[in-house]
Amino acid sequence: MKNISFFIVGIFFGIVMTKSEAISWFRIHEMFRFESFHMYGIIGTAVVLGAAVIWGMKKFKIKTLAGSTVTYNPMQLSPKRHILAGSIFGLGWALVGCCPGPMYVLLGNGYAIMILVLLGAILGTYTYGAVMDKLPH
Amino acid sequence: MELIGNTSSFLEFVSQPWHWAVSGAAIALTLALLTWMGRSFGVSTTFKGICTLAGAGKRIPFFDINIKEEYWRIAFVLGGVLGGFITANFLQSPEPVAISEATIGYLGTIGIDYPEADSRGMGFVPTEVFNFTSLKGIILALAGGFLVGFGARYGDGCTSGHAISGLAHLQLPSLITVIGFFIGGLLMTHLLFPLLMGI
């Protein structure tokens with residue numbers, strides 16, 4: 001039943017992503033061509049306000065609904081891996097013009113082609129699991 | 001009565017494309033809600049969960065996870081699908097995505113029309129490139145998705161996990177990963193994509 005609340009936050013997220021136009025392939029292409037401030041404004045605002053909220057939650061030791069304080073499980077620093085993995089992701093992001101969240105939201109918007117994009121993403125995830133031992137981490 | 005009278009004008013108000021600052025604040029609110037609910041914002045992990053649901057855990061230990069811990073995330077993205085549906089049907093913008101003149105002009109030179117309203121939405125996807133009717137359209141959609149899925153798992157997160165959540169937690173690995181997102185994105189947009197459109 002608890003998952004219903006995540007479903008509801010998801011609905012809000014889907015509306016936000018559509019109304020912000022962040023799900024638009026055109027907005028992503030425009031962003032990578034530095035021809036509009038729109039996407040930078042969205043991401044920048046989200047990060048600055050998000051950082052402020054997270055800072056506040058940590059500072060005032062706000063309890064989460066799970067009863068714990070806010071923590072973050074840090075990733076081990078490995079610049080080579082971050083750059084390599086990030087670049088592979090970026091190539092795909094700029095090609096299909098959507099990252100994982102928008103793939104789902106675009107499907108809801110009626111773009112059936114997202115079934116193929118999501119299928120590709122699942123295959124890519126599976127392939128990573130199959131070859132991860134051979135990659136630099 | 002007043003409330004009922006205002007409903008349609010409220011819907012009209014919400015239906016306009018949102019200003020970037022409003023959108024950014026709404027994403028920060030999503031992050032805050034998920035954090036308060038005891039979870040961390042990250043969408044791409046759903047792909048791993050789907051692999052686990054399909055039985056990949058039997059062959060590859062990486063997918064051998066407690067899937068019950070992932071149900072909240074799957075509920076979240078299913079909500080995202082419904083949110084998209086609701087917006088497309090009840091809160092649709094009066095006009096297509098208004099990208100800059102410079103981008104429209106450039107896209108024309110590589111054979112892509114400016115965003116147009118169609119039955120599916122207000123110019124969110126160039127369906128002349130990504131479609132089921134051409135082999136190229138199918139391959140590009142699958143290949144792009146593949147790179148996103150592979151890169152997200154290799155990098156342990158996507159835009160929501162690194163660019164939003166990771167940066168909000170002031171994580172250096174996330175910052176470097178986001179720089180990687182831009183290296184790949186710029187390479188695709190400026191070099192590879194024009195070549196792909198020429199084939």
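Visitor: How are α7(B) and α8(B) oriented to each other?
Guide: The model is predicted; local features need pLDDT of at least 70, side-chain atom pairs count only at pLDDT 80 or more, and totals for chains, interfaces and linings use all residues. Residues are numbered from 1 along each chain as its sequence is written, while chains are lettered from A and ligands numbered from 1 in the order in which they are written. Helix α7 (residues 159-168) of chain B packs on helix α8 (residues 172-198) of chain B at about 155°, the angle running from 0 to 180 degrees between N-to-C directions of axes fitted to C-alpha atoms, for helices over the stretch in contact. Since angles under 35 degrees count as roughly parallel, over 145 as roughly antiparallel, 65 to 115 as roughly perpendicular and the rest as oblique, α7(B) and α8(B) are therefore roughly antiparallel.

Visitor: What is the handedness of the crossing of α7(B) and α8(B)?
Guide: A crossing is left-handed if the near helix is turned anticlockwise from the far one by less than a right angle, and right-handed if clockwise. For α7(B) passing α8(B), the crossing is left-handed.

Visitor: Which residues of α8(B) make the contact with α7(B)?
Guide: Two residues are in contact if their C-beta atoms, placed from the backbone, lie within 7 Å. From α7(B) the contact takes H162(B), A163(B), G166(B) and L167(B). From α8(B) it takes S174(B), L175(B), T177(B), V178(B) and F181(B).

Visitor: How many residues of each class does the contact of α7(B) with α8(B) have?
Guide: Ala, Val, Leu, Ile, Met, Phe, Trp, Tyr, Cys and Pro count as nonpolar, Asp, Glu, Lys and Arg as charged, and the others, Gly among them, as polar. On that basis the contact of α7(B) with α8(B) has five nonpolar, four polar and no charged residues.

Visitor: Which helix supplies the largest share of the side of chain B that touches chain A?
Guide: In total, 107 residues of chain B are in contact with 96 residues of chain A. Several helices of chain B each supply at least two residues of that side, among them α2 (20-36), α4 (71-90) and α6 (135-154). By class the side divides into 73 nonpolar, 30 polar and four charged residues. The largest share, 17 residues, comes from α8(B).

Visitor: What pattern does chain B follow along the sequence?
Guide: Helices (H or I, at least four residues) and strands (E, at least two) are DSSP runs, numbered from the N terminus. Chain B has eight helices and two strands. Read along the sequence, the pattern is α-α-α-α-α-β-β-α-α-α.

Visitor: How many helices and strands are there in chain A?
Guide: The pattern of chain A along the sequence is α-α-α-α-α-α. The C-alpha trace of chain A spans about 40 × 40 × 35 Å along its principal axes. The count for chain A is six helices and zero strands.

Visitor: Why is α3(B) described as largely enclosed by the rest of the structure?
Guide: A residue is buried if 20 or more other C-beta atoms lie within 10 Å of its own, exposed if 12 or fewer, and partly exposed in between; C-beta atoms are placed from the backbone. The buried residues of α3(B) pack against α6 (114-131) of chain A together with α4 and α6 of chain B. The helix is described as largely enclosed because the buried residues of α3(B) number eight of the nine.

Visitor: Which helices do the buried residues of α2(A) pack against?
Guide: Eight of the eight residues of helix α2 (residues 25-32) of chain A are buried, so α2(A) is largely enclosed by the rest of the structure. Among them are W25(A), F26(A) and R27(A). The helices packed against are α3 (38-59) and α4 (79-96) of chain A, together with α5 and α8 of chain B.

Visitor: Which residues is W20(B) in contact with, leaving aside its neighbours within four places in sequence?
Guide: W20(B) is found in helix α2 of chain B. With 22 C-beta neighbours inside 10 Å, W20(B) counts as buried. Leaving aside neighbours within four places in sequence, the contacts of W20(B) are H38(A), G41(A), I42(A) and T45(A).

Visitor: What ipTM does the model score?
Guide: Chain B averages a pLDDT (the predictor's confidence in each residue, from 0 to 100) of 93, and 94% of the residues score at least 70. The model scores pTM 0.95 and ipTM 0.96.
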